[in-house]
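Please look over the sequence and the structure shown here before reading on.

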Amino acid sequence: MSVDLNKTASNSHDKMAISAEQQAKIIEVRGLIGPLSDKESVYCSDASISRYLRARNWNVKKAAQMLKQSLKWRKEYKPQEIRWEEVAAVAGKGMLYRPNYSDKYGRPVIVMRPCNKKSTSAQDMIKYFVYCMENAIVNLPPHEEQLAWLIDFQGVKMSDVSFKTSRETVHILQEYYPKHLGLAMLYKAPRIFQPFFSMLRPFLETELYNKVKFGYSDDHNTKKMLEDLFDMDKLESAFGGNDDTGFDMNKYAERMKEDENKILSFWTQAKSVS
């Protein structure tokens, strides 16, 4: 259960440095994807194209095809246009949110609590998941591209976990947000979850699978890993931290509304790109 922090966090900084050879491949990808709209141009930064190239082991044709599929999905699904009012009802259940802290490497955190799913439809769950991804990415610090996920399985029953929704979440994460996951900590996952995870395993690319860590409150290595990655005074008590304030929907809503200005500002770069 031990973790090499140089591999899980700081290594992402190194990978963002682009060599002359890699820059040439980025230019090749641009040639293959063809003309872009203003918003597509904002999305297709060198850093973004680099993520797709790394996801396809620097194979230009495969990376270009993957990026084309992402652009098609973004044009149809319009993830950057999802607004707080559209997902607030789902967010209020506290099953998925971005807490007001990052890990020690500045990576935004996304917390998931499957037991709070309640009667949420798969469609609404996926939409809110995409909203959270877009929000977290806009809040990435300079020279960082990864997010840290903390999944709290306390009180989870198998009826709280949908294989179809989980598979769709994995698909979106791998195909449309490549290289953005730095860590996924499955905390207090019950034994009954193991067969479920085994069924999901074939849909996980090796790199993503290796980012998944199982953690337990009575495990010394889990505790050390969390202490190395987080300020324990900020980490929630559900994950062994010292913060027991819990999820506050009103404060969270205020933050999300403020972030919408940040998201709008990001995408209005399109005016200066064209």
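Predicted model: local features only at pLDDT ≥ 70, side-chain atom pairs only at ≥ 80, totals over all residues.

Strands of a sheet pair through backbone hydrogen bonds, either parallel or antiparallel. Here five strands make up an open sheet in the order 1-2-3-4-5, with mixed pairing, and its edges are strand 1 (96-97) and strand 5 (212-215), each of which pairs on one side only.

Strand 3 (residues 147-152) runs parallel to strand 4 (residues 181-187), the two being paired over six bridges, and Ala148 stands opposite Leu183 of strand 4. Across strand 4 and strand 5 lies helix 9 (residues 193-200), which runs at about 175° to strand 5.

## The largest pocket

The largest pocket holds about 530 Å³ of space and is lined by 21 residues, with Ser45, Ile137, Leu140, His180 and Phe266 the closest to its centre. Because domain 1 (20-77) and domain 2 (81-265) both give residues to the lining, the largest pocket lies between them.

Helix 3 (38-43), helix 4 (46-55), helix 7 (122-138) and helix 12 (249-267) each supply at least two residues of this lining, whose residues divide into twelve nonpolar, four polar and five charged.

## The second largest pocket

About 400 Å³ of space lies in the second largest pocket, where 15 residues form the lining and Asn100, Asp243, Thr245, Gly246 and Asp248 lie nearest the centre. Helix 12 gives the largest share of that lining, three residues, and by kind the lining residues of the second largest pocket are five nonpolar, three polar and seven charged.

Methods. Residues numbered from 1 in each chain as written. Heavy atoms only, no water. Pairing = 2+ DSSP bridges. Helix = DSSP H or I, 4+ residues; strand = E, 2+ residues; numbered from the N terminus. Contact = heavy atoms within 4.5 Å. Axes fitted to C-alpha atoms, helices over the stretch in contact; angles between N-to-C directions. 1 Å grid on protein atoms, 1.4 Å probe; cavity = no way out; pocket = protein on both sides within 12 Å on 5 of 7 lines; lining within 4 Å. Points joined across faces, edges and corners; volume = space filled by probe spheres on them. Nonpolar A, V, L, I, M, F, W, Y, C, P; charged D, E, K, R; others polar. Domains from an automatic or database assignment.
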